Amino acid sequence: MASPVPIGILTVSDRASQGVYEDKSGPAIAEYLARALVSPWQPLRRLVADERTAITGTLIDLADNLACPLILVTGGTGPSPRDVTPEATEDVCDRIFPGFGEQMRAVSLREVPTAILSRQMAGTRGKSLIVLLPGRPSSIRTCLDAVFPAIPYCIDLLGGPRLEANQAVIKVFRPPA
Amino acid sequence: MASPVPIGILTVSDRASQGVYEDKSGPAIAEYLARALVSPWQPLRRLVADERTAITGTLIDLADNLACPLILVTGGTGPSPRDVTPEATEDVCDRIFPGFGEQMRAVSLREVPTAILSRQMAGTRGKSLIVLLPGRPSSIRTCLDAVFPAIPYCIDLLGGPRLEANQAVIKVFRPPA
Amino acid sequence: MASPVPIGILTVSDRASQGVYEDKSGPAIAEYLARALVSPWQPLRRLVADERTAITGTLIDLADNLACPLILVTGGTGPSPRDVTPEATEDVCDRIFPGFGEQMRAVSLREVPTAILSRQMAGTRGKSLIVLLPGRPSSIRTCLDAVFPAIPYCIDLLGGPRLEANQAVIKVFRPPA
């Protein structure tokens, strides 16, 4: 039997990392994956402050050392001076996929006009796909519903492990060969 | 009582700057703001030719010396060789917000298929939000209707003054704290 | 009578360039143009492997030496490690027009959720407009239907030859002067 696929879940938040409040965003991502995936996987959860080098270091560790084919990140994509997650992600990625950010903003815009302020994005570092999600749990679900259908096929193309989803929960799409 | 918030309005146009024709785009922006805002503000109007250094110099002056939390720019975002406003804006911004350009093109596309040729965008230089609008007055209004609802909250997040809008004219949105 | 306008059609594919299978994408582009254009034109067809320098060399030749006002490219925009067409295109372009990629992904998304994985884009090198289309013939048509209406006007603005389309096939748009 295949060993569980490691999936990185990184929360970026000054306040949660200081214990000022509880991180609800990382758990929301883990719950989403638990519902969506039927193939074996294990979460590798991380929590760091809004510091560019802390974020890059954690992403590099999850990608290069822990071989996560998927790293989902929450927090730090807005316009506040402390929001540096996109800069950190660009630092470590070799390729950017603009369609993720476009589509996450498009679906979020149906809910709030301030969605245009989000710098959500996705890129790859080697064989790892890194996706920046919003901070609020309800917005995380909206965005994952929009982009998750394409993620398993993306990981296939990157040469990673095959992720199988519960199609009753989320309709993952792989084009016919 | 608070002093009026300075808002930069920059028209970029070879012909208008030479007096060959009247600038109607800068006034269209000023009229829009006059209708939309209820808190005190004052326009700082500028008019320059399609020259990269003229544009960057003016943006830097409006942002750094005159402390405009918002700078609205019209002209120079198309494919013509003289259109250099996006390049100049990238020169001076520390961050780009792709959602503005995406949304302005999306709403303009409902009117003309050539909207995909526009390189409209937005970014920040320190605490100043710079937004590149189209050149034609009617398109300016279409684009401001699409993105203005998010602008006051963006300025809040950048640490700037609170702009209050006439909600009967434009529904500005601030998420609940 | 005007000499025919040269239009570059570049297929990027390891397998087609090795003769492992027949290139159907380049011909699909040529057929589209044959239906769409009524002014005289001639296809300059090229076929290269997924090698960054082979792509850049061919684009430079079509743009600088052969003076193509339009170069349509198919293949190599996905997430696979061998997909390097966007990188090669960025190498040779002086300007990027984000609206093309946004719109091609938006229309493709109505058909498949994996459209967000595409790094389709367009840019200019001097007076040449380069557009990256998808690999599959049916997707090529979907994307050309979405962006071709803006292409002749873009070439006008770049100072190139006037392309006339069969408006019964594709509604090309030029704004009133």
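Which helices and strands of chain C cover the buried residues of H6(C)? The cover includes helix H2 (25-36), strand E3 (70-74), helix H5 (98-109), strand E6 (128-133) and helix H7 (151-157) of chain C. Here, helices (H or I, at least four residues) and strands (E, at least two) are DSSP runs numbered from the N terminus, and two residues are in contact if their C-beta atoms, placed from the backbone, lie within 7 Å.

A word on the model before going on. This is a predicted model, in which local features need pLDDT of at least 70, side-chain atom pairs count only at pLDDT 80 or more, and totals for chains, interfaces and linings use all residues. Residues are numbered from 1 along each chain as its sequence is written, while chains are lettered from A and ligands numbered from 1 in the order in which they are written.

The predictor's own scores come next. For the complex it gives an ipTM of 0.96 and a pTM of 0.97. pLDDT is its confidence in each residue, from 0 to 100; chain A averages 97, and 99% of the residues score at least 70.

Let us look at chain A. Its secondary structure comes to seven helices and six strands, following the pattern β-α-α-β-α-β-α-β-α-β-β-α-α along the sequence. The C-alpha atoms fill a box of roughly 45 × 35 × 30 Å along the principal axes. A compact globule of 177 residues would have a radius of gyration near 16 Å, and the 15 Å of chain A agrees with that; the radius is taken over C-alpha atoms, and the globule rule is 2.2 Å times the number of residues to the power 0.38. Of the 177 residues, 52% count as buried. A residue is buried if 20 or more other C-beta atoms lie within 10 Å of its own, exposed if 12 or fewer, and partly exposed in between, with C-beta atoms placed from the backbone. Among contacts in chain A with a separation of 6 or more, 70% join residues 24 or more positions apart.

Back to helix H6 (residues 137-147) of chain C: its buried residues are C:Ser139, C:Ile140, C:Cys143, C:Leu144 and C:Val147. They lie on the same side of H6(C), because they cover an arc of only 135° around the axis. That arc is the one spanned by the directions from the helix axis to the C-beta atoms.

Now for the way the chains are related. Copies are superposed by least squares on the C-alpha atoms of residues with pLDDT of at least 70 in both.

| Superposition | Turn | Shift along axis | RMSD |
|---|---|---|---|
| Chain A on chain B | 120° | 0.0 Å | 0.0 Å |

The contact between chains A and B takes 15 residues from chain A and 16 residues from chain B. Likewise, 15 residues of chain B are in contact with 16 residues of chain C.

Finally, C:Glu102 sits in helix H5 of chain C. C:Glu102 is buried, with 22 other C-beta atoms within 10 Å. Leaving aside residues up to four places away in sequence, C:Glu102 touches A:Glu102, B:Glu102 and B:Arg105.

Methods
pLDDT = per-residue confidence, 0-100.
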